[in-house]
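Subject: Handing over the structure, with notes

Dear colleague,

Please find below the structure that I would like to pass on to you, together with its sequence.

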Amino acid sequence: MDPKKPDQKNLATRRKYMTLFKPPHDFLTESGRRLGPITVAYETYGHLNEAGTNAILICHALTGDAHAAGSYTGDDVLPGWWDGLIGPGKAFDTDHYFVVCSNVLGGCQGTTGPSSVNPATGRPYGTDFPIVTIRDMVRVQRELLRHLGVNQLVCVAGGSMGGMQVLEWGVMFPGFMQSIIPIAVSAFSTPQQIAYNYAGRYAIMSDPAWQNGNYYPGPGPVHGLITARAIGTITYKTDATWLTRFGRRLQYGDSDPYQWGTKFAIESYLEYQGHSLIKRFDANSYLYLTRAIDLYDLGRDGTPEGWKNALTRVTASSLVISINSDILYPPYQQEAIAETLAKKGKDVTYYELDSPYGHDAFLIEFAVLDRVIGAFLKRIQRSCEKPMNSEINTASLA
């Protein structure tokens, strides 16, 4: 091991916490509710320079969290969810960048959410927690960065719900970052995407154990959350993935297929994914975060002109990444974002990732993403003045 580079396992030594928006300086949500104080769980990798200008913000997806890279101990089964991209010599090179990832508002991994204690009652918020939006999440992130001493971001990057945060950053704080990397995301949630989320929420809220969200300190609607996870997982993968990995085989080859207790391998996998999620995720947070996704509309008015006009405010260089097999956020949605940015004279590069893994590819295809993102960031860092292209650049990172 190179003695000059830290052990990747030690990148994430511990999760940190910061309390923001202490009364009387409460946070005002888009829904008009006041919330405070807000605790934010976050992790950092690398070191912030004296000017506070070498930071990169990583935004997580629906059931992700602040643990984006490294391992807490050598016994960890899994490292952070973007460990393949964050670290010395990787795309988000911690020898050069100060990388920050925080758990979103409304989450359940240390940041204030529905399972947090409401200071007004001394009990968990439950469904008394205000409806929050992607924009609310970004505003909390901005305040966290201010307290960390970050004066400018080199980049904001993330996929899926994380990509929504990225686009909001580009529109809300256009002068604060040099570049943005939205991956596998749309400029607004489509009816089909909302329908998938509704089905998951319905499963949770139909579980008698949900109790209108007031199930704490009990385990809550575990069966509903398992079902919601199954619905979500189906949208994250592809038919080709299922065929290759499971086919039509039974979980146990000698089982009697004419008994209800006999499962196909794919059924056992979906069940396993659900049971894994309930160990680390709160059902109410699932409701709140999927609702925030449904409410997401970059233009705020539900029209094509709205989100296109919103992208006019983006000044950062953009790397828009799609996944050719994504059924949840098909490539045409990212193409529309890239084309709009190009028509508005923005510096934009579009890359379509060729992968059989569907929406989940941004959490799997690290070798390609490391090369593509690394090349993009090197280009950004080579020039303080961003070249303004009137056409989409699709070749420079190939």
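Is Cys 108 buried or exposed? Cys 108 is buried, with a relative accessible area of 19%, where buried means under 20% relative accessible area, exposed means over 50%, and partly exposed lies in between (1.4 Å probe, protein chains only). Before going on, please keep in mind that this is a predicted model, in which local features need pLDDT of at least 70 and side-chain atom pairs count only at pLDDT 80 or more, while totals for chains, interfaces and linings use all residues. Residues are numbered from 1 along each chain as its sequence is written, and side-chain values use heavy atoms, with hydrogens and water left out.

Cysteines

A disulfide is a pair of cysteine sulfur atoms within 2.5 Å, and by this rule the count is 0. The sulfur of Cys 108 has its closest cysteine sulfur in Cys 101, 14 Å away, which is too far for a bond. For Cys 59 the closest cysteine sulfur also belongs to Cys 101, at 7.3 Å, and this too is too far for a bond. Cys 59 is buried, at 1% relative accessibility.

Nonpolar cores

A nonpolar core is a set of buried Ala, Val, Leu, Ile, Met, Phe, Trp, Tyr and Cys residues joined through side-chain atoms within 4.5 Å. The largest one has 72 residues, and those with the most contacts inside it are Leu 105, Leu 145, Leu 153 and Trp 169. If residues up to four places away in sequence are not counted, Leu 105 touches several residues, including Phe 27, Leu 35, Phe 129, Val 140 and Leu 289, a contact being heavy atoms within 4.5 Å. There is also a second, separate core of 34 residues, which includes Tyr 45, Ala 69, Leu 319 and Tyr 351.

Salt bridges

A salt bridge is a side-chain nitrogen of Lys or Arg within 4 Å of a carboxyl oxygen of Asp or Glu, and the structure holds 12 of them. One of them joins Arg 300 to Glu 30, with the closest N and O atoms 2.5 Å apart. This pair links distant parts of the chain, since Arg 300 sits in the loop between helix H7 (283-295) and helix H8 (304-310), whereas Glu 30 sits in the loop between strand E2 (27-28) and strand E3 (34-35), 270 residues apart. Here helices (H or I, at least four residues) and strands (E, at least two) are DSSP runs, numbered from the N terminus. Arg 300 is partly exposed, with a relative accessible area of 36%, and Glu 30 is partly exposed at 39%.

Another salt bridge is formed by Glu 168 and Arg 135, whose closest N and O atoms are 2.9 Å apart. Glu 168 lies in helix H2 (residues 161-172) and Arg 135 in helix H1 (residues 134-148), so the pair ties together parts that are 33 residues apart in sequence. Both Glu 168 and Arg 135 are buried. Glu 30, Arg 135, Glu 168 and Arg 300 are linked in a network of salt bridges.

A loop glycine

Gly 70 is found in the loop between strand E5 (55-59) and strand E6 (98-102), and Gly 70 is buried, at 1% relative accessibility.

With best wishes
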